[in-house]
Every structure is written in structure tokens, then in C-alpha cells.
Amino acid sequence: MPGLPPTLAPPAEPVDVPRTAPDATNAVGTALKQVLDERLRRSRTVDPVFARELADRLAALVERGGKRLRTAFTHCGWRAAGGSGDTTAVLRTGAALELLQACALVHDDVMDGSVQRRGAPAMHVQLAREHWAAGLHGSAESFGTSAAVLAGDLALAWADDLLTETALDTPHGRRLHEEWRAMRTEMVAGQYLDLRAQARRSSAVDEALAIATLKSALYTVARPLALGASLAGADDHVLCALRAAGRCAGLAFQLRDDLHGAFGDPTHTGKPADDDLRSRKLTYLLAVALQLADAADDYQAAARLAPEADPRSAHAVEQMRAALTRTGARDLVETKIAELTDMGIGHFEATGADTAVRQEFASLVQRATGVAPRRTEEVA
């Protein structure tokens, strides 16, 4: 293309215009492929070994996908703020979120020592195995960890580049970037507090909720809703309502994920069902269970969930699961999820979005939390 600076990518090819959030989750795959193809081309010009062993592997992780809820909530926020017409910026923002999620997953797996992600070996595990198979010098584990950190950094760079390009091409780019910048800091804060809580062997309920809010609720729902609304030029009232809705729905989503982390089926979740328990990860589920055990003088349950307990064996993990159920914590978390889901629906209604968009949000929340909102009938 004559006259085009070599550092600029050609315009993205048009994709089918998504009319609903589920349409957006499908369409973002096409947008992602376009972005990844361009990033991989650039990577090969930098160095073919780097491209083959790291960039290609990262792209494969992104393309394996997940629920892509962040894209769906971005589209929903855009529609709630009156967005209509061309969805290119919405889809590219969604694609940036998917790349950021890849960064978070790769780094999270390293920090948690998780061995599986999206039904395949985690990034650091793949890289360590490649090191071992090639008979390279040094520690295969150390190589895998270090290279995976770089892969996560690369995903973050790609995400930031894409969001910046999108912001520069929209009249509401400053507000979009402000939401993005806040979200990145919240993510890091939540991850650090998570690591700190594990190091301190904390069991505080308030601390567990703060981590869940920063690390997941804001990042998964609240900020994506606000990013989408920013693209539509939303006013402060709509943005505040969306952030409140997203905080509640996002926290409900994280509490559901906590239950999956303790009781889930790996064939459905794509990750082991006992990592959180073996590492004694501070979750609201664990914190509440200890609180209930202490209140009921259930010394056996308290001992199984205590910071000094050793949950590395399969038998110890099963004892922890039994304690989480017997104390009533599992049921209490289910109740909390339902309450937060309904609160999220209520806050979303305050945006003044039309019935179709409210129904769409309710459907997304149900998909994320596994709970049918009790307010659904009111918006039907």
C-alpha cells in the first residue's frame, strides 16, 4: 500500500455487524484473528524463533478462547448507553480485553503453579516440556516460568497497542483510555493482594471480598460495561449505574468461580478442581467457612480449613470439601450469588436502557453466575 508508514496496520476487514452480545462474542473471534495475524507477521520480522516458540504459542492460547464474557459485556454496555451502527471499535475493544485476559491467565498460572488452562497444558508447562525435550541446559522449570512471564508481557503489549489504536480512532478515546488504565491497575492490585493473602495465610472475609472485587468483579464485568458505554459517549449517570451493576454481577461471577474451584468438574471448567484448595487460596468461600466453623464450635472443620493445615493430599482435599459443605458455607455462597445477581440487575435498570438490552444483560449475568435473576420477569 504506497505511502502507508510501515508501523501502521491496514484497516481491519469488515465483519458481520453484531446485534446482540452473543453475536459480539462470535464476531470478536474474527476481529481477534485479524489482529493476531498482523501481530504474528510483525513478530516474524523481528525474529522467526521468537515468533515460532512464543508468539505463535500465545496466539494459540488466545484463539482457543473462553467464554469471552468481557466482550459480551462491552457490547452490552455500549448498547445500554445508546450505541448503534458501526461496531468496529466495540469489537476491537473486546479483542483487546481478550488479549489482556491471556496475559492475566498466563501470569496467574505461573503464580498459582497451575498445570492446565483451557483444556491444555498451561503456558509455563508447555515451555518447560519443550526445554526438557530439546535437552537444553539449565532448569526446565525455570526456563518455562521465565518464558511464560514474557509471553504474558507480550499479550499485555498487544492488548495495550490495540486499545490505544482504537482510542485514537474514536471521538470518545480519552474516556475509553481512562477506563482501561484504571482497570489495569485494579487487576495488578487484586493479584498482589491475592499473593499477599496467601503468604500471610489470611482468613479474613473482608480481605477475600476485596481481592475478588479488584481481581475479578471490576475486570470481568464493571470495566467492560464502562468501556463499551464510553465508546457510545455515555454520561456520568449511566457510567455510574453500569459500574455498580458490574461490581455486583462481577462479584457473583467470582463467587461462582470459587465454587467451581472447590467443587467443579475439570472437564467443564478446563482447569483442575483442587488447585484453590491445595494452595489454600483465600476465597470468600473459605473465609466464610472458617467464620461459620468458629461460630458453631466445629473444631474439626476449623482444623481442616486452618492456615496450618496441610491440604496437599487427595484425602485432605476431600476433607476440606466436606468441611466447606458441612459448615453451610457452600449454601451461603450460593445465596450470596443470587443476591448479588439481583442487585446487579437492579443497578442496570437505572441506566434507562430499553427492555431488549436489559433482558440481554440479565441473560449474560445468568450465563456468568449460573443463577436465573429473580428480577428477570420484571424486565421481560
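Axes are lines fitted to C-alpha atoms, for helices over the stretch in contact, and angles run from 0 to 180 degrees between N-to-C directions. This model is predicted.

**Two helices in contact**

Two packed helices are described by the angle between their axes and the distance between the axes. Here the pair is α9, residues 236-263, and α16, residues 355-369. Their axes come within 8 Å and cross at roughly 25°. Angles under 35 degrees count as roughly parallel, so α9 is roughly parallel to α16.

Helix α9 brings A245, A249, A252, F253 and R256 to the contact. Helix α16 brings F361, V365, A368 and T369. Seven residues of this contact are nonpolar, one is polar and one is charged.

**Helix α6**

Helix α6 covers residues 140-168. At 1.5 Å a residue, its 29 residues should span 42 Å; the end C-alpha atoms lie 42 Å apart, which agrees. At the start of α6, S139 places a side-chain oxygen within 3.3 Å of the backbone nitrogen of E141.

**Confidence**

The mean pLDDT of the chain is 87. A pLDDT of 70 or more is reached by 91% of the residues.

| Stretch | pLDDT | Contacts in the model |
|---|---|---|
| residues 1-16 | under 50 | 13 contacts beyond four places in sequence |
| residues 376-380 | below 50 | eight contacts beyond near neighbours in sequence |

Terms used:
Residues numbered from 1 in each chain as written. Predicted model: local features only at pLDDT ≥ 70, side-chain atom pairs only at ≥ 80, totals over all residues. Heavy atoms only, no water. pLDDT = per-residue confidence, 0-100. Contact = heavy atoms within 4.5 Å. Helix = DSSP H or I, 4+ residues; strand = E, 2+ residues; numbered from the N terminus. Expected span 1.5 Å × (residues − 1). Polar contact = N/O pair within 3.5 Å; in protein donor to acceptor, adjacent residues only side chain to side chain. Parallel < 35°, antiparallel > 145°, perpendicular 65-115°, else oblique. Nonpolar A, V, L, I, M, F, W, Y, C, P; charged D, E, K, R; others polar.
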